[in-house]
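Take a walk through this protein fold, from its overall layout to single side chains. Keep the sequence and the 3D view side by side.

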Amino acid sequence: MVADDAGRTPEGAAGRGAGPRQTWAALPWLVRSAVVWSACLVVTVAGLYLLGKIAVLLAPLAIALAATIFLTALLDPVQLALRRLRLPAAPAALLTVLLLLGVLVGVGALVWSLTAGQFSELSQELGQGLRRTREFVTSTLPVSDQQLDRLLDQARQGLGQGSLDPVSSARTAAEVLGSALLALVLLFFLLKDGRSMWHWTLSRMTGPNRAVTAEAGRAGWRTLGAYSRGTMMIAAIDAIGIGVALVVLRVPLAFPLALITFFGGFVPIIGATVAGAVAVLVALAAKGPVTALLVLAAVIIVQQVEGNLLEPLIMKRQVRLHPAVILVAVTAGTLVAGIAGAFVSVPVTAVVWRIIDTIQQHRQHPTPTVTPPPST
């Protein structure tokens with residue numbers, strides 16, 4: 001017994017004297033991998049959460065920066081075309097900004113002249129469509145009016161709907177106006193000096209980090225430009241297709257519904273679904289269930305053609321994301337920053353993924369560094 005105890009004593013002493021490194025090395029590799037990946041995931045989620053909270057606290061500035069970068073990527077080809085006409089950088093940037101303002105003012109005036117008196121009618125048609133849907137739900141499903149009212153109240157509370165405060169409304173309007181003006185000023189400077197700013201940033205880097213940063217930056221910028229232009233084209237195609245279907249089926253308020261479809265196209269999957277639901281509700285209220293089903297079929301056909309045929313051709317492969325990734329990104333952006341977060345979540349995800357993919361490819365196949373010959 002003594003010999004046995006003596007034989008076990010060194011092992012026990014070694015176990016008691018083992019440090020953190022020995023304990024870590026003694027763990028199975030699967031446990032070590034799970035711990036490392038979990039720690040990385042926690043740090044990444046915490047960092048994204050803090051960035052989201054900071055963006056919410058600085059909401060006007062964050063919205064202005066997001067709109068500026070999006071518009072810069074959208075209008076950069078216009079500015080480059082003006083530069084090829086031998087215009088200096090400042091006049092080309094100013095003319096691009098003025099062209100954007102002219103398009104926005106012209107489209108806004110056209111939309112206002114065509115739909116100014118129809119949005120009140122649209123709200124009435126939506127209300128009637130919701131009442132018909134409510135009657136259908138309560139008559140066919142085991143749901144009472146009280147339960148449905150409770151669900152609707154919870155949804156309104158979750159969306160933050162409440163009584164309007166004139167002070168907060170005025171402050172919100174001032175913030176929106178200030179963000180718009182700031183975005184226009186920043187847009188001018190980015191169109192004018194964006195490339196020189198990027199080259200200045202690259203000149204402060206040395207070694208292999210400079211090459212991979214330049215390549216990742218170009219890939220991210222191309223992705224953002226392709227996304228911004230492709231999203232606008234797809235949203236316009238959706239709006240035209242659904243608008244034509246509404247006109248053919250003689251659904252009232254076709255132009256406002258097409259306009260809602262256009263803006264909803266900037267929020268992938270969810271925006272198109274909400275816009276299609278609004279069109280179906282209006283058709284249900286105005287023309288009955290048969291027309292509503294026809295509108296639903298038209299919405300599904302347009303979205304299927306857009307998602308399976310037009311989007312791969314317009315967006316190209318470098319911008320495409322899996323629908324599950326898009327849903328998670330839109331949901332996370334909406335929870336963090338509301339409607340603005342829903343608009344910017346997908347392009348941010350696409351750009352970040354493209355940058356990470358470029359860095360990984362660069363590490364797997366590094367570009368050889370050519371050393372210049374010594375000067376004689």
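The protein has 13 helices and 0 strands. Helices here are DSSP runs of H or I with at least four residues, strands are E runs of at least two, and numbering starts at the N terminus. This is a predicted model, in which local features need pLDDT of at least 70, side-chain atom pairs count only at pLDDT 80 or more, and totals for chains, interfaces and linings use all residues. Residues are numbered from 1 along each chain as its sequence is written, and side-chain values use heavy atoms, with hydrogens and water left out.

Of the 376 residues in the protein, 27% are buried. Buried means under 20% relative accessible area, exposed means over 50%, and partly exposed lies in between (1.4 Å probe, protein chains only). The protein exposes about 24500 Å², and carbon and sulfur atoms supply 71% of that area. These areas come from the Shrake-Rupley method with a 1.4 Å probe; for residues, only the protein chains shown count as cover. A contact means heavy atoms within 4.5 Å. Among contacts with a separation of 6 or more, 71% join residues 24 or more positions apart.

Now go inside. A nonpolar core is a set of buried Ala, Val, Leu, Ile, Met, Phe, Trp, Tyr and Cys residues joined through side-chain atoms within 4.5 Å. The largest such core has 16 residues, and L246, V251, L257 and V295 have the most contacts inside it. Four helices each supply at least two of its residues: α9 (208-248), α10 (254-264), α11 (270-287) and α12 (289-315). The largest share, 6 residues, comes from α11. Leaving out residues up to four places away in sequence, L246 touches V251, A254, L257, A279 and V295. A second, separate core has 14 residues, including Y227, A235, M315 and A350.

Helix α11 deserves a stop. Its buried residues include G271, A272, A275 and G276. V278, A279, V280, L281, V282, A283, L284 and A285 are buried as well. How far apart are the end C-alpha atoms of α11? They are 25 Å apart, which agrees with the 26 Å that its 18 residues should span at 1.5 Å a residue. The expected span is 1.5 Å times one less than the number of residues. Just after α11, G288 takes a positive phi of about 100 degrees.

Helix α9 also holds D238. Is D238 buried or exposed? D238 counts as buried because its relative accessibility is 5%. Beyond residues up to four places away in sequence, D238 touches T261, V302 and E306.

R86 is a residue other than glycine with a positive phi, near 70 degrees. R86 sits in the loop between α4 and α5 (89-115), and is exposed at 77% relative accessible area. R250 also has a positive phi without being glycine, near 60 degrees. R250 belongs to the loop between α9 and α10, and counts as exposed at 67% relative accessibility.

Next come the charged pairs. A salt bridge is a side-chain nitrogen of Lys or Arg within 4 Å of a carboxyl oxygen of Asp or Glu. That rule gives 3 salt bridges. One joins the side chains of D76 and R195 at 2.8 Å, N to O. D76 lies in α4 and R195 in α8 (residues 166-203), so this pair ties together parts 119 residues apart in sequence. D76 is buried at 8% relative accessibility, whereas R195 is partly exposed at 42%. Another salt bridge links K192 and D193 at 3.1 Å, N to O. K192 is partly exposed, with a relative accessible area of 30%. R354 and D357 also meet, at 3.7 Å, N to O. Both lie in α13 (residues 323-364), 3 residues apart, about one turn of the helix. An α-helix has 3.6 residues a turn, so residues three or four places apart point the same way. R354 counts as partly exposed at 23% relative accessibility, and D357 as buried at 16%.

L48, L51, I54, L57, L58, L61, L65 and L182 make a nonpolar patch of about 780 Å². Patches are made of residues with over 30% relative accessible area and no salt bridge; like charges are joined within 9 Å, and nonpolar side chains (Val, Leu, Ile, Met, Phe, Trp, Tyr) within 5 Å. Helices α3 (29-57) and α4 (59-84) give two or more residues to the nonpolar patch. The most, 4 residues, come from α3. I54 is found in α3, and counts as partly exposed at 47% relative accessibility.
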